[in-house]
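Here are my notes for you, point by point. Have a look at the model first, then read on.

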Amino acid sequence: MTRHLAAGLVMLFLTAVPAAPHHSFAAEFDASKPFKLTGVVTKVEWQNPHTWFYIDVADEKSDKVTNWAMEMGSPNGLMRAGWTRNTMKIGDKVTVEGSMARDGSPTGNARVVLLTETGQRLFAASSQNDN
Amino acid sequence: MRGMLLGVSAVIFIAAAAGNPRPPQGASEPSQAAQPPAGRGGGGAPPPALPTPRLPDGTVNLGRVPGEKGAWRVPYITNMGMRLVGSDGQPLPELRQAQAAGRAAGPGGAAGGDGGGRGGAKAEPWIPWMPWSAAVYDYNSRNNSKYDPEGYCLPPGGPRLMATPYPMEIIQLPESRRIIMIFEGATHIWREIYMDGRPHPNGEALNPTYLGHSVGRWEGDTLVIDVVGFNENSWLDYFGHPHTDKLHVVERFSRPNKNTLRYEATVNDPGAYTRPFTIAWDVPWEPNGELQEYICQENNQFLYRLVDDFGQPIFGPRRQPGELPTGAGAR
């Protein structure tokens, strides 16, 4: 109970942090195409104006692996939301929720990242709701 | 869920900010006029607002109190067309109605955007459009601000500096008769306001720039900054209200209490709008705020993914039919 309460408070804090818009979300991503993907982190670009990370996602039927690129907020916004550059590391298994790119490429805007090992759920400083 | 929590936070913030500080001295600044009534959050009386800090000579201090942290948490205001105020500093009545409707239903309303959606020029009849500025605004609305210069890591110009997120600081240097503003976001830039009484340069000496040429003076407790000399490379806001190099902005900064910076800007651009209009909003003080580094140009993949109206990359080689973007060498 206490843990849930604490988690709730953390979420309140995190969601109160302003998102980190830099470019038009709607020009690149489609909010009507949500996804939830689980994969293994292959690369993290902890850089401005947006942190990008890449995950290998295996197709359940064919076992074909696709490397997805995921956009988050800036390191500034993420740090204010409780992240550090080592919160997500290469090799970590993560579940990502967000919106897919309009162009059909394996690219997404991450809204929430769930770290499988710890169960930690992290707000990704997405700018999805800003336009 | 997130929107609801934001709403809760907003109510808490409003309750905290809606105390009744003493009115600013000198200039008749309607700083409190636009704030909601106290006690809206439900519970008991809101905490009293802290008084406006002052420098030793009595001038309003728009920055930190010595020995403390703090920065102005610049809000994300996506559409300035929803922030017009009348001569009383209050939002225009017709706009208040539209804003309420937009907050209830429009995209962005829950996230600190302004609602209002993307109705283009005709959705903002209070803006004194010229035909061309209305057409450009419609275009920017239709393509979701795809060509926003800030997406290219170019700076905002004019009032958008106070509407692009991440904290900023105002540093008063009375001994050298100037004021410096530093912005973490908005491409990590600074601006200098000359307080030595100099005029704007004339003719060719006025070089068009993103931020323009700023001269300031105090009117009572209000810092009034007159800005001219803008180039045409920036937008007035994220939604894409255009401007020309005839843009003349008069900004008014006041601090009715420690936690509130009241910002007003009168936008006069006879190249784009048939008469001046004034926009205004409050900027909250973040007591523990400090600026971080933000180098927008570092890894701006938006540049490589952006395609024009014909599906071709803005930067880089043309694509073959069906070919997908590859990103900045990331994969």
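1. Let's start with a turn in chain A: strand 4 of chain A and strand 5 of chain A make a hairpin, with five residues between them. In that turn sits A:Gly104, whose phi is positive at about 85 degrees. Strands here are DSSP runs of E, at least two residues long, numbered from the N terminus, while helices are runs of H or I of at least four.

2. Before going further, remember that this is a predicted model, where local features need pLDDT of at least 70, side-chain atom pairs count only at pLDDT 80 or more, and totals for chains, interfaces and linings use all residues. Residues are numbered from 1 along each chain as its sequence is written, chains are lettered from A and ligands numbered from 1 in the order written, and side-chain values use heavy atoms, leaving out hydrogens and water.

3. Which way do the hairpin strands run? Strand 4 (residues 93-101) of chain A and strand 5 (residues 107-115) of chain A are antiparallel, joined by seven bridges; DSSP must find at least two bridges for strands to pair. Across this pairing, A:Met100 faces A:Gly108.

4. Strand 4 of chain A also pairs antiparallel with strand 1 (residues 29-45) of chain A, through nine bridges. There, A:Leu37 stands opposite A:Val96.

5. Now for chain B: a disulfide (cysteine sulfurs within 2.5 Å) joins B:Cys153 to B:Cys296, S to S 2.0 Å. The two cysteines are 143 residues apart, so to speak in distant parts of the chain.
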